Structure formats: structure tokens, C-alpha cells
Amino acid sequence: MFKKVLIANRGEIALRIINACRELGIKTVAVYSEADKNSLHVKFADECICIGPAHSYKSYLHIPSIIAAAEITGADAIHPGYGFLAENAQFAEVCKSCGITFIGPEPNHIRLMGDKSVARQTVMKRNVPIVPGSKGGVSDIKRMKELAAEIGYPVILKASAGGGGKGMRVAWSEEELQCQFETAKNEAFSAFGNDEIYLEKYIVNPRHIEIQLVADKFGNVVHLGERECSIQRNHQKIIEEAPSAALNDELRKSMGQAAKKVASTIGYSSVGTVEFLLDNENNFYFMEMNTRIQVEHTVTEGITDIDLVKLQIEIASGEQLLLKQKDIKITGHAIECRINAEDSKTFMPSPGKIEAFHTPGGPGIRIDTAAYAGYTVPPYYDSMIAKVIAHGRDRKEAIARMKRALEMFLLEGIKTNIPLHLRILEDEFFVKGQLNTHFMEEFFKRHAVFSTE
Ligand code: ADP
């Protein structure tokens, strides 16, 4: 097992990793930017080291500084968390060449799954269903039109290098395709430095369902069930839950098997998530694989009672996965609300000093946060400041617990999206579990006060 892990991240996930390391008896090193010197991850790590100015490309994304910090402190492994360098194959390679273990998959797996059109080809060969679409990137509009006509409208244009919902454009007709093509290419180029675009059938009103995987270096792969992540705004998840109301045991089994096939096809090892779209007729389609721990891993931990970050570290250190598929038991229901420092109505970020801070507790409530009273939320990073996770015997109890927790979450000095969460939790469609990826658009129509469109 590792002796010392450097955490190349900040905020709640850095703390989450510190928790796991402490339980495993591993020392930790926090790296921080000048804007984060008063952060909790700095306080709770065994050692800390400043790696540069506030802007992330000069600190949390600056590979030489992070590697230097690991070498100076003698860390034998680096945990990248999510975001920043978590899916940067080059970073994983640099770690390897410096004799430091990257706590995640092999660099070639990050690269393979990071190119979405290559990932599609790879999984298709193993008969994992993918959304009908082009074989790879398409560079001319004539070919794009032919393909769209074959597949049938509506279609969606996607950036091969895409992520975070950027570079995606829907076209309902050939005329729309014509103008969206250039827009998508330009957007992809400016976001990812790569303008390759591919085409997919646009699935109308799907659910976003993802399967959590754990795979070791010896070919053992298990899945830990699904997460329902259909509640999104601008393709950013807001609320996640597990299990999904849309899945029965049979569908769970076949989606789980498909996800496992993705991992075993490439010899993947680490935690990972396979994302699917599920249509109204229960057809599911591979969308992409995320080769890191995800924000919403907490709901899976809630219903399986398995510590995913500890498992991820153990696997990276070469331990064998002792869990078998039959050992995975799903108990109750878990929901996560992402609490952002932003205006609930306008979605404008709301950085600043937190004057009062009281987190709720009680049965079934877990709070993952790095915020505290007196902490100043810096304007430079993601606005998520806390995750509230409610677990209950069933969905109804989980919702009730989440509601009372959010009502008793005292956070003064900055604005948060807690009021938005509370409205969603009372929305009739949410309560009935009638969700799809357009839920928020419809919600804004039903609740005009929150509408910004
Ligand atoms: P990113 O990696 O940029 O987040 P994804 O491929 O994961 O992009 O897609 C993000 C979201 O976009 C999905 O959750 C879904 O809501 C929507 N989406 C993506 N592909 C399709 C499709 N073929 N049909 C319908 N919706 C889609």
C-alpha cells in the first residue's frame, strides 16, 4: 500500500480523498493555489505545498508544479479527484515516468475513452449498443447530410474531444444541420483545440442512466448498479439518485453486463462509469465512459455501503478486488443535491465570504463539503460548495430527509441554489419519478419564477 498520497485537487473531493487515506493509514499531501491557502484540505492534510497562483492553469492544471510537489514531499502516488487533471492521459503518463502511481486507469484507457468517437467504435465491436451514428469524425457537410438522411432526423452533432456538454448541437432538419455544422466545429475547436465532429441520432426525451464499475488489475470487474442523472441544466447534473425508478432487475442486469463488457474489452482497471441514454422503450445506448471517480459516487456509496474512494486507492496499489457481483446488495434509496454558490433564479455565481454555516445531520444525511463559517468562496473555480446526500429506506423517505436537511442547512453571506433544490423536490413530476434529460426545461416552464430562458 502507498505511504503517502498527493491530492491534485481542491474542495470537497480533496477532503473526501483525505478521509479515505486516513482510514487506510496513508499520509496525505495537499497542493493548493494562492487563493486556497485557507482551505480545509490544506488544514487536514499531513503536509501541504503551494503550487502557484489562483488561476487553475497555473496551479491545479500545471503538471510540472504538481510533479515537483510530489517529488519534494516524497509522495508515492497521486490522486487526481475529478475535473482538473483527472482525465488527462499525458498527466497519467508523466506520473508513471516519474515512478509515481496515478490513482486511476492506465493512460491509454484515458486516451481511448477520452475520444468519444473512438470509444464508440471500440464498444460497438463488442456488441454494446451505441446510438446510431457516424463511424468516426465527419469533416465535410455533404457526407454529414447523407449520414443524417440515413439515420433520420433529429440528429446531434458532437465534438469527438467533447466534455461538459460543449460542442453539442441538435438539428431537426437538413437546413438546421447545414448551419449547426460550422457552429459545432468552431465551438469544439475553441473548447478543445480539436474541431472533429461526429454525428448521432438524437434520442428524444431519454433518461441519463450511468453504471458504476469497479475493476482491478487481475481482470475482475463488478458493477454497483445505476445512477439516475437526468436532472441537468446545460448538461450539468444538479440532482442524482440511485436506484433509478426506470429500471427493473432485468434491465439493471443487462445494463450492468453491457457496462462490464466495456471495461473488460479494454482491460480497464480502477473505478469508472459507463453512461447510457435510456429511451422510452427501455432501449439503452452507450454514450461515454468516465475514467475517474465522479461527483455523484456518493449515492452509490449510500445504497451499497461500499467506500469507492478506498477501493480505488486499493486497486491502484495492486490489491485484488475481493468483491464478487453477488456480494453487491442494494439497500434503500439515495439522492444527492449539488449545492452551488449561485443565485437560485439567475444562476449567476455568488462567490464571497460565508458568514454563517450550519450543516444539517440526523439519520440518513451525509454532507460532503470543504466550506465553513468564515470561509471565502473564491471566484476562480467551480461553484459547487457542498453535496447533500440523503439515504432512506425508500425514495419517499430519502426525499423527506433531503427536504428537512436542506431546510436546516444554514448558509449566510452568499447565495446558493438551495431554494431551487427545494422546489424541485416538491415538483409533482419529480415526486412521481417521471424524469428525463429535459426535466429542467419543463420545470422552468412550470415554475416561472425560476425561469431564466
Ligand atoms: P459531455 O461529455 O459533454 O457531458 P455527453 O455525451 O455525456 O456529453 O452528453 C451529455 C448530455 O447530452 C446527456 O446526458 C444527454 O442529456 C445529452 N445527449 C447526448 N447525446 C445525446 C443523444 N444522442 N440524444 C439525446 N441526448 C443526448
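**Exercise 1. Polar contacts of the ligand**

Determine how far a polar side-chain atom of Lys158 lies from a nitrogen atom of the ligand, and then find which residues are closest to the ligand.

*Solution.* A polar side-chain atom of Lys158 lies 2.8 Å from a nitrogen atom of the ligand, where a polar contact is a pair of N or O atoms within 3.5 Å; within protein, one must be able to donate a hydrogen and the other to accept it, and residues adjacent in sequence count only if both atoms are side-chain atoms. The model is a predicted one, in which local features need pLDDT of at least 70 and side-chain atom pairs count only at pLDDT 80 or more, while totals for chains, interfaces and linings use all residues. Residues are numbered from 1 along each chain as its sequence is written, and side-chain values use heavy atoms, with hydrogens and water left out. Turning to oxygen, an oxygen atom of the ligand is 2.8 Å from an N or O atom in the side chain of Glu288, and an oxygen atom of the ligand is 3.2 Å from an N or O atom in the side chain of Glu275.

**Exercise 2. Helix H6**

*Solution.* Helices (H or I, at least four residues) and strands (E, at least two) are DSSP runs, numbered from the N terminus. Buried means under 20% relative accessible area, exposed over 50% and partly exposed in between, with a 1.4 Å probe and protein chains only. At the start of H6, a side-chain oxygen of Asp115 comes to within 3.1 Å of the backbone nitrogen of Ser117.

**Exercise 3. Aromatic pairs**

Explain why the pair of Phe84 and Tyr381 is classed as it is, and work out which parts of the chain the pair ties together.

*Solution.* The structure holds 12 aromatic pairs, a pair being rings of Phe, Tyr and Trp (its six-membered ring) with centres within 6.5 Å, where planes under 30 degrees apart count as stacked, over 60 as edge-to-face and the rest as tilted. The ring centres of Phe84 and Tyr381 are 6.5 Å apart and their planes stand at 80 degrees, so this pair is edge-to-face. Because Phe84 lies in the loop between strand S4 (77-79) and helix H4 (89-97), and Tyr381 in the loop between strand S18 (376-377) and strand S19 (384-392), the pair ties together parts that are 297 residues apart in sequence. Phe84 counts as partly exposed at 29% relative accessibility, whereas Tyr381, at 11%, counts as buried. Ring pairs link Tyr60, Phe84, Tyr380 and Tyr381 into a cluster.

**Exercise 4. The largest nonpolar core**

Find which members of the largest nonpolar core touch the most other members, and which helix gives the most to this core.

*Solution.* A nonpolar core is a set of buried Ala, Val, Leu, Ile, Met, Phe, Trp, Tyr and Cys residues joined through side-chain atoms within 4.5 Å. Among the 37 residues of the largest one, Ile231, Ile339, Leu411, Ile424, Phe430 and Met440 touch the most other members. H12 gives the most to this core, with 5 residues.

Definitions and conventions
Near = heavy atom within 4 Å.
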